[in-house]
Amino acid sequence: AQVRDQIIAGADTPEELAGITVDTGDAVAVLRDAMTGLAERAGQSLQREAEKQGVEVPEWSLPDDTVTAAVGGRRLLDSVARMTTDLMATSVVQTAKRVVTGLFTRDVTPEALATEVDRVLTESQDGLIRSQIGTAMSTAQTAGRQVVLEVAPPGEYYASEMLDKNTCAPCRAVDGEQFGDLERAIKAYPVMGYKDCVGPRYGNSCRGM
């Protein structure tokens, strides 16, 4: 909506269209709250699973001041929400500018130009928005589970990967590996998946835990 309004307002002034921006404040708040909620639900789910197996899990909560990848505190979730939102905003603005550049020299009304940008952005949601949000939510889920594992009694920790045609070689090789303790497991699997996964190089988040 912000991009559309700027295009309509500045369609007669090329230099204004070159300065298209979006305010991400509301988006950061929405994503951060969603991530925090999922982290808490993921931790609660893991706790219930452990207690069904006779493991007593002490009281826990997402730490307020932790920003390291080892333990997913609220500051970490806030940082990931901000980075993710910035990436989405940049992708949306760049895509909008490409469409505007391609159509600006044609005889189109500001409304028609804005409508075409709307169409392209809508059709591009999977790449521009959904995949980025998926990575952020996966991070939140892992963060919540790790907080519970930190306070739970020691156990046995294994790498678990989804094995299909999209699994990279490092993740396929580590699947099923047992780690000597939780610290080693978390070092191998910080909140964004397996440390040696090559998927992120191509915009694909790791699916392992």
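Threonine 95 sits in helix α4, which covers residues 74–103; helices here are DSSP runs of H or I with at least four residues, strands are runs of E with at least two, and both are numbered from the N terminus. This is a predicted model, in which local features need pLDDT of at least 70, side-chain atom pairs count only at pLDDT 80 or more, and totals for chains, interfaces and linings use all residues. Residues are numbered from 1 along each chain as its sequence is written, and side-chain values use heavy atoms, with hydrogens and water left out.

With a relative accessible area of 7%, Threonine 95 is buried (buried is under 20% relative accessible area, exposed over 50%, partly exposed in between, with a 1.4 Å probe and protein chains only). Leaving aside residues up to four places away in sequence, Threonine 95 touches Val120, Leu121 and Leu128, where contact means heavy atoms within 4.5 Å.

The axes of α4 and α6 come within 9 Å and cross at roughly 175°. Axes are lines fitted to C-alpha atoms, for helices over the stretch in contact, and angles run from 0 to 180 degrees between N-to-C directions. The two helices, α4 and α6, are therefore roughly antiparallel to each other (over 145 degrees; under 35 is roughly parallel, 65 to 115 roughly perpendicular and the rest oblique). On the α4 side, the contact includes Leu77, Met88 and Thr95, and on the α6 side Leu128, Ile133 and Ala143 are among the partners. Sorted by type, the residues of the α4 contact with α6 come to 11 nonpolar, five polar and no charged; Ala, Val, Leu, Ile, Met, Phe, Trp, Tyr, Cys and Pro count as nonpolar, Asp, Glu, Lys and Arg as charged, and the others, Gly among them, as polar.

Helix α6 (residues 125–151) also packs against α3 (residues 25–52), with axes that come within 7 Å and cross at roughly 40°. That makes α3 and α6 oblique to each other. Residues meeting here include Leu31, Ala34 and Gly43 in α3, and Ile133, Ala136 and Arg145 in α6. The α3 contact with α6 divides into 13 nonpolar, four polar and one charged.

Zooming out, the protein chain has eight helices and two strands, in the order α-α-α-α-α-α-β-α-β-α along the sequence. Along its principal axes, the C-alpha trace spans about 70 × 35 × 25 Å. Of the 209 residues, 38% count as buried.
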